[in-house]
Amino acid sequence: MGLFEPFRALGYITDGVPFAVQRRGKETFVTLSIGKAWQIYNCAKLIPVLVGPQMDKKIRALACWRDFTFAATGHDIAVFRRAHQVATWSGHKAKVALLLSFGQHVLSVDLEGCLFIWAVAEVNQNKPQIGQIQLGEKFSPSCIMHPDTYLNKVLIGSEEGTLQLWNVNTRKKLYEFKRWGSSIRCCASSPALDVVGIGCSDGKIHVHNLRYDEEIVTFMHSTRGAVTALSFRTDGQPLLAAGGSSGVISIWNLEKKKLQSVIKDAHDSSVCSLHFFANEPVLMSSATDNSIKMWIFDTTDGEARLLKYRSGHSAPPMCIRYYGKGRHILSAGQDRAFRIFSVIQDQQSRELSQGHVAKRAKKLKVKDEEIKLPPVIAFDAAEIRERDWCNVVTCHLDDPCAYTWRLQNFVIGEHILKPCLEDPTPVKSCSISACGNFAVLGTEGGWLERFNLQSGISRGTYIDIGEKRQCAHNGAVVGLACEATNTLLITGGYNGDIKVWDFKGRELKFRWEIEVPLIKMVYHPGNGLLATVADDMILRLFDVTAVRLVRIFVGHMDRVTDLCFSGDGKWLLSSSMDGTIRVWDVISSRQLDAMHMDSAVTALSLSPSMDMLATTHVGHNGIYLWANRMIYSKATDIEPFISGKQVVKVSMPTVSSKRESEEGDEKSIIVAESNVNKNDVSGSLIGDSYSAQLTPELVTLALLPKAQWQSLVNLDVIKMRNKPIEPPKKPEKAPFFLPSLPTFSGERIFIPSSTNGDGDQDETRNDKTVFEARGKKLGGESISFMQLLQSCAKIKDFTTFTNYLKGLSPSAVDMELRLLQIVDNENITETEHSVELQGIGMLLDYFVNEVSCNNNFEFVQALIRLFLKIHGETIRCQVSLHEKARKLLEIQSSTWQRLDTSFQNARCMITFLSSSQF
């Protein structure tokens with residue numbers, strides 16, 4: 001079954017598939033492909049509004065029409081209505097490469113040059129295909145578009161450099177345009193009639209007149225490479241935007257027939273789509289670098305500036321770590337970017353600024369990538385100093401310096417830490433002290449130096465006099481860790497020596513030798529355990545306080561890539577290039593769980609609350625989240641979830657955060673179903689009962705909205721506040737409406753009008769009908785209330801009755817209790833008021849049972865207060881109810897006394913700790 005269940009993936013914006021733009025009312029939406037799924041963004045703020053489900057094959061083309069989204073996957077076309085798949089269109093014998101929304105039809109073209117015509121209106125029918133066209137044997141389609149004002153006609157470009165104009169209604173080829181000497185990569189329609197733009201792989205842009213088959217102007221792209229995207233501006237300015245395979249966007253002036261501006265390094269890789277918004281000076285672009293950007297032309301010189309964007313890693317991330325109490329994830333990738341991702345809101349994810357990279361690159365006439373820092377290989381963060389000074393330190397590939405970052409402003413810091421100025425070597429590891437004041441750096445040459453983060457000044461070095469030269473380790477320092485009280489510093493060398501230093505005195509206290517090259521180490525400040533892994537793929541746990549080896553874990557079959565402790569220090573998680581993540585129990589010294597994935601894990605991090613596990617994988621640009629089944633289920637025992645030494649095959653999380661398919665669940669379940677059913681554990685996070693009571697000794701809340709149970713207590717105050725100041729007045733000219741009666745359940749009873757012989761309505765009969773309908777309705781509710789209470793009292797299980805009360809509104813609960821009220825308490829007779837007394841007695845039994853169970857605590861307490869407010873005088877006057885009332889008083893007193901003792905203990909502890917000075 002596994003401890004962790006796939007939840008969702010972060011950091012995916014788009015891939016190399018051109019986007020589809022659609023305007024709905026006053027808003028514009030863009031549909032983007034993200035591998036095997038798609039997502040829709042609102043262009044107003046670039047906020048994701050809809051994510052499609054995961055499909056079996058990768059998406060090759062997209063189209064949209066109203067609420068429908070069409071995605072070409074393999075030989076088929078998947079049809080979605082919002083986020084639900086409603087149909088699958090099949091018929092192509094080759095992979096579908098192009099899609100075009102064409103009125104109420106969708107055109108699809110495969111790699112063999114076969115064009116299919118589909119009717120969107122007949123999407124739910126068995127045969128939505130209404131036509132088929134064979135483009136030709138020596139015609140490899142590369143792009144498709146509809147020229148404006150050309151009714152029922154499409155223009156199709158080919159790899160051979162030819163254009164064909166087809167009438168899809170008559171299925172006839174109208175004209176074939178000449179060859180341009182290069183394959184056509186893209187084409188776009190212009191606001192001018194009969195004029196289109198054609199982009200070729202040789203870097204040329206042809207503006208062509210279709211009606212006369214004449215070349216208007218030809219441009220050469222500003223950089224080498226193919227022209228991959230075109231778009232014409234439609235707000236009156238004669239501009240043409242062209243994107244190339246190098247990531248550069250060129251803006252051409254069609255009137256002056258010259259280059260107007262160039263957006264250098266608009267993207268880090270090939271531009272796949274461009275789109276000018278209708279009648280707006282805004283250009284949207286997407287590329288294969290996992291980003292979508294919007295540019296606005298509002299400057300005096302006509303240059304474009306970046307308006308808004310969404311981006312993720314363009315290369316696989318290598319280091320991740322949870323930050324900000326599990327709400328954010330810090331990530332460093334091979335694309336030289338250092339990013340922070342929000343687990344809650346995707347629009348809060350961003351890249352940390354490395355200074356004026358674009359400005360410096362423009363001044364030096366180089367690319368932005370050449371100015372950026374090398375890829376991060378290790379980093380550490382201290383949340384305690386986020387508002388004071390730089391609280392993140394990063395080590396970079398083959399860089400002799402470490403860099404500081406200020407996460408409060410999302411920028412690089414002002415200090416650059418340079419250890420060992422006499423003999424600089426690349427920094428390999430770093431660690432920040434628990435107080436956040438110091439950063440310790442370890443270099444490839446074995447040098448160990450401490451810096452003050454506030455000033456960036458060196459505060460001493462650590463030297464081992466037993467080494468042949470002045471250094472801390474004979475080899476590279478591959479791991480660093482600071483003890484929680486700034487007493488000890490633990491370092492690990494590549495040669496297999498682990499040393500423990502006095503943090504302040506910088507003296508060596510003791511050391512371990514494992515005689516195997518060390519790869520990675522991680523320290524848990526709570527329990528004082530140090531986990532290390534070496535080239536022999538064995539995990540070793542050292543107790544730093546007791547100075548001894550305490551655990552050895554063996555199981556990985558390939559190089560271990562990362563280690564991570566759980567927040568409480570009871571679990572140790574490890575990932576390996578063999579594609580597995582293993583969970584080790586430190587206390588019992590055994591393997592709890594092992595998950596195998598299709599892609600090897602390069603880094604992992606467990607949230608402080610242990611509810612989510614984040615992983616990165618080889619060849620994947622995103623961060624994948626896994627939910628802890630123990631946290632999101634009602635089980636108290638871990639045994640039903642763990643697989644022990646057996647390896648569980650699991651699928652990767654998807655962007656849509658949907659639960660796994662049934663087939664995937666069947667393949668991944670290793671634990672026997674009988675064991676799962678025996679412990680009553682849900683196999684998925686969906687549908688778990690979060691309000692289930694763990695044990696009767698604990699007080700369990702009902703998890704109802706606060707206003708629902710508070711309104712029961714303050715119902716009289718609410719009624720008095722909402723009481724009208726003056727009676728309602730009938731308007732002089734009231735509109736016609738159907739007379740109806742409101743009820744407590746929210747339903748309305750319509751009263752038909754009756755007329756007498758003179759044609760006038762019979763007021764007396766209407767009033768009679770009103771009272772009859774109201775009495776019948778209220779009577780029905782009262783009977784249902786009493787019957788349910790009696791049936792639950794017989795079986796002594798009031799769960800159904802409690803759920804019924806929780807579903808009522810505060811006014812309805814008040815009405816049900818008042819229906820049992822005896823007005824004249826001085827003249828109570830058991831024969832006349834037997835029903836009311838029986839109901840009050842059963843309610844007392846109900847309260848005794850619920851208070852003793854400690855379940856739905858706050859809701860039951862509010863009910864008791866309202867009940868005593870209404871029936872308290874009746875209970876005082878009726879001797880037969882005294883015994884039940886006394887029993888309820890005893891249980892209430894003991895329960896509140898126990899709670900008050902726990903509250904007082906907590907208050908005393910908090911007061912003691914808050915007044916103590918350490």
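These notes walk through the predicted model, from the whole chain down to single residues.

1. Overall make-up. The chain has 918 residues, and 51% of them are buried. Its secondary structure comes to twelve helices and 59 strands.

2. Contacts and surface. Take the contacts in the chain with a separation of 6 or more: 47% of them join residues 24 or more positions apart. The accessible surface is about 45,200 Å². Carbon and sulfur atoms hold 51% of that surface.

3. The largest nonpolar core. This core has 37 residues. Which of them touch the most other members? They are Phe785, Phe801, Leu805, Leu843, Tyr846, Phe847 and Leu863. Several helices contribute. Helix 7 (763-795), helix 8 (799-806), helix 9 (810-818), helix 10 (834-853), helix 11 and helix 12 each supply at least two residues of the core. In soluble globular proteins, nonpolar side chains tend to be buried together.

4. Phe801 up close. Leave aside residues up to four places away in sequence. Phe801 then touches Phe785, Leu788, Leu789, Cys792, Leu843 and Tyr846.

5. Helix 11 against helix 12. Helix 11 covers residues 857-877, and helix 12 covers residues 882-915. They pack at an angle of about 145°, with their axes 13 Å apart. The crossing of helix 11 past helix 12 is left-handed. From helix 11, the contact uses Phe857, Gln861, Ile864, Ile875 and Arg876. From helix 12 come His882, Ala885, Leu888, Gln892, Thr895, Trp896 and Leu899. By type, the residues of this contact are seven nonpolar, four polar and one charged.

6. Lys257, worth a look at the backbone. Its phi is positive, near 55°, and the residue is not a glycine. Where is Lys257 found? Lys257 lies in the loop between strand 24 (249-253) and strand 25 (258-263). Its relative accessible area is 48%, so Lys257 counts as partly exposed rather than exposed, which takes over 50%.

7. Asn279, another positive phi. Here the value is about 60°, again in a residue that is not a glycine. Asn279 sits in the loop between strand 26 (271-276) and strand 27 (282-287). Is Asn279 buried or exposed? Asn279 counts as exposed, because its relative accessibility is 60%.

Definitions and conventions. Residues are numbered from 1 along each chain as its sequence is written. This is a predicted model: local features need pLDDT of at least 70, side-chain atom pairs count only at pLDDT 80 or more; totals for chains, interfaces and linings use all residues. Side-chain values use heavy atoms; hydrogens and water are left out. Axes are lines fitted to C-alpha atoms, for helices over the stretch in contact, and angles run from 0 to 180 degrees between N-to-C directions. Helices (H or I, at least four residues) and strands (E, at least two) are DSSP runs, numbered from the N terminus. A crossing is left-handed if the near helix is turned anticlockwise from the far one by less than a right angle, and right-handed if clockwise. Contact means heavy atoms within 4.5 Å. Ala, Val, Leu, Ile, Met, Phe, Trp, Tyr, Cys and Pro count as nonpolar, Asp, Glu, Lys and Arg as charged, and the others, Gly among them, as polar. A nonpolar core is a set of buried Ala, Val, Leu, Ile, Met, Phe, Trp, Tyr and Cys residues joined through side-chain atoms within 4.5 Å. Buried means under 20% relative accessible area, exposed over 50%, partly exposed in between (1.4 Å probe, protein chains only). Accessible areas come from the Shrake-Rupley method with a 1.4 Å probe; for residues, only the protein chains shown count as cover.
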